[in-house]
Amino acid sequence: MENLDATDIQILKRLQADSNINIKELASELFLTATPVYERIKRLEREGYIMKYVALLDKKKLNLGMTVFCNVRLKEHAKNVGANFVKDIVALPEIIECYNIAGDYDFMLKILVADMASYQDFVMNKLSTIENIGNTQSIFVMGEIKNSTAFHF
């Protein structure tokens with residue numbers, strides 16, 4: 001963050017709230033002209049502070065109303081085994097996040113499906129086909145309390 005000044009931080013915070021804001025409107029909020037704001041955004045993109053722009057979708061409207069966290073323990077921990085597991089996990093579209101974790105389990109998966117029957121189908125026909133999974137634990141989300149994509153800095 002040493003390369004960021006107060007204006008850069010304001011730009012990043014505003015883009016986190018609404019990446020669809022146009023340059024002219026953003027410049028007006030910052031009491032600047034459009035050109036320096038545009039140049040700052042391009043620099044922030046080049047330097048990797050802004051990785052990409054996305055649209056956040058309503059999962060319920062897309063019939064993906066069930067969120068499941070699934071902890072996975074591998075049978076063995078050889079480098080190639082872990083790499084193969086990651087390759088297989090990345091290929092499954094139901095898994096929207098995957099974390100390598102410390103503790104009783106090796107990985108935590110965030111999975112979106114329509115309902116319990118869909119999750120059962122996913123486990124039986126996709127997850128269970130991945131080699132070297134020793135144990136899993138599913139945690140079903142009953143209600144979402146906080147879900148933010150914005151970083152606090």
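User: What makes the four strands an open sheet, and in which order do they stand?

Analyst: In this predicted model, the strands form an open sheet in the order β2-β3-β1-β4, with antiparallel pairing. The edge strands are β2 and β4 (133–140), and each of these pairs on one side only. From one strand to the next, the twist averages 20 degrees.

User: How do you know that β2 and β3 pair?

Analyst: Two strands count as paired if there are at least two bridges between them. Five bridges join β2 (residues 95–100) to β3, and the two run antiparallel; therefore they meet the requirement of at least two bridges. One of the partners can be named: Tyr99 is bridged to Met108 in β3. The hairpin of β2 and β3 has six residues between the strands, and Gly103 in this hairpin has a positive phi near 120 degrees.

User: How do you know that β1 and β3 pair?

Analyst: Pairing needs at least two bridges, and β1 and β3 have seven, in the antiparallel sense. The two strands are therefore paired. Thr67 stands opposite Leu112 in β3.

User: Which residues of α3 are called buried, and what covers them?

Analyst: The buried residues of α3 are Val37, Ile41 and Leu44; the word stands for under 20% relative accessible area. They cover an arc of only 60 degrees around the axis, so they lie on the same side of α3. Their cover includes α1 (6–17) and α2 (23–29).

User: What makes up the largest nonpolar core?

Analyst: This core has 18 residues, and those touching the most other members are Val72, Phe85, Leu109, Ile111, Tyr119 and Leu127. At least two residues each come from β1 (66–74), α4 (79–90), β3 (107–113) and α5 (116–125). β1 gives the largest share, five residues. Apart from this core lies another, of 13 residues, including Ile9, Leu12, Leu30 and Val37.

User: Which residues does Leu127 touch?

Analyst: Leaving aside residues up to four places away in sequence, Leu127 touches Cys70, Ile89, Leu109, Phe122, Ile133 and Thr136. To count as a contact, heavy atoms must be within 4.5 Å.

Conventions:
Residues are numbered from 1 along each chain as its sequence is written. This is a predicted model: local features need pLDDT of at least 70, side-chain atom pairs count only at pLDDT 80 or more; totals for chains, interfaces and linings use all residues. Side-chain values use heavy atoms; hydrogens and water are left out. Buried means under 20% relative accessible area, exposed over 50%, partly exposed in between (1.4 Å probe, protein chains only). The arc is that of the directions from the helix axis to the C-beta atoms. A nonpolar core is a set of buried Ala, Val, Leu, Ile, Met, Phe, Trp, Tyr and Cys residues joined through side-chain atoms within 4.5 Å. Axes are lines fitted to C-alpha atoms, for helices over the stretch in contact, and angles run from 0 to 180 degrees between N-to-C directions.
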